[in-house]
Amino acid sequence: MAKINGNEIRPGSILDHDGGLWAAVKVNHVKPGKGGAFAQVEMKNLRDGRKLNERFRSEDKVEEVRLENKDQQFLYETDGRLVFMDAETFEQIELDAELLGDRRPFLQDGMTATVQYYGEEALSLSIPQKVTCTISETEPVVKGQTAANSFKPAILDNGVRIMVPPFIGEGEAIIVNTDSMEYSERA
């Protein structure tokens, strides 16, 4: 772990602060007319999700933590726990399904996800930004409907509802952006 000054904190930095691991979400550098400059940092606890606003002066020293990213293959889900396997060591780990939040339906069997580790502790889980899904239900294609911004509702094979362009029909494979939960392109 490296010590950094308070003015070196950037969004995305992982800090060891008050006995917990915190991710800097927003950082605002303030230079008041009177007194020294400081960084107003909005942080989120990586273990329990609490939020905290903290001020760090430029002379304050903070521990910055480096997390290790490992690619793991998703095997199955059991009782709200996701089971992953390390492709190199074949070790299996269980993670809470709530780590994915709204993106949970996009996790598919055999998919490779990235798990962030702090030592031996798994802290977060991320899936690929673009995932291929199949349209299971949508309105039929209407000839002549060519409005540039017209979209119609559709239900994917995983049960998620999204808006798709009018030329997409049932049974078609599309690519969905898992960050914005929106149609990206045809597969």
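I looked up Met 181 and found it in the loop between strand 15 and strand 16 (182–186). Strands here are DSSP runs of E with at least two residues, and helices are runs of H or I with at least four; both are numbered from the N terminus. The model is predicted, with local features needing pLDDT of at least 70 and side-chain atom pairs counting only at pLDDT 80 or more, while totals for chains, interfaces and linings use all residues. Residues are numbered from 1 along each chain as its sequence is written, and side-chain values use heavy atoms, with hydrogens and water left out.

**Positive phi**

I noted that Met 181 has a positive phi of about 60° although it is not a glycine. Most residues other than glycine have a negative phi. Met 181 has 27% relative accessibility, so it counts as partly exposed. The cut-offs are under 20% relative accessible area for buried, over 50% for exposed and partly exposed in between, with a 1.4 Å probe and protein chains only.

I also noted Asp 18, which is not a glycine but has a positive phi of about 50°. Asp 18 sits in the loop between strand 2 and strand 3. With a relative accessible area of 66%, Asp 18 is exposed.

**His 17**

I then looked at His 17, which lies in strand 2 (residues 14–17). Is His 17 buried or exposed? His 17 counts as buried because its relative accessibility is 13%. Not counting residues up to four places away in sequence, His 17 touches Trp 22, Met 43, Leu 52, Glu 54 and Phe 56. Contact means heavy atoms within 4.5 Å.

**Aromatic rings**

I searched the whole structure for aromatic pairs and got one. Phe 74 and Phe 84 form this pair, which is tilted, at 5.5 Å centre to centre and 55° between the planes. Rings of Phe, Tyr and Trp (its six-membered ring) pair if their centres lie within 6.5 Å; planes under 30 degrees apart count as stacked, over 60 as edge-to-face and the rest as tilted. Phe 74 is in strand 7 (residues 68–78) and Phe 84 in strand 8 (residues 81–86), so the pair ties together parts 10 residues apart in sequence. Phe 74 counts as buried at 2% relative accessibility, and Phe 84 counts as buried at 0%.

**Cores**

I looked up the largest nonpolar core and found 26 residues, with Leu 156 and Ile 174 having the most contacts inside it. Such a core is a set of buried Ala, Val, Leu, Ile, Met, Phe, Trp, Tyr and Cys residues joined through side-chain atoms within 4.5 Å. Among the elements that each supply at least two residues of this core are strand 8, strand 12 (130–138) and strand 15 (173–177). Apart from it lies another core of 10 residues, including Leu 15, Trp 22, Ala 24 and Phe 56.

**Thr 138**

I placed Thr 138 in strand 12. Thr 138 counts as buried at 12% relative accessibility. Which distance separates Thr 138 and Ile 155 in space? They are 6.5 Å apart, C-alpha to C-alpha, and 17 residues apart in sequence. Leaving aside neighbours within four places in sequence, Thr 138 is in contact with residues including Lys 152, Pro 153 and Ala 154.
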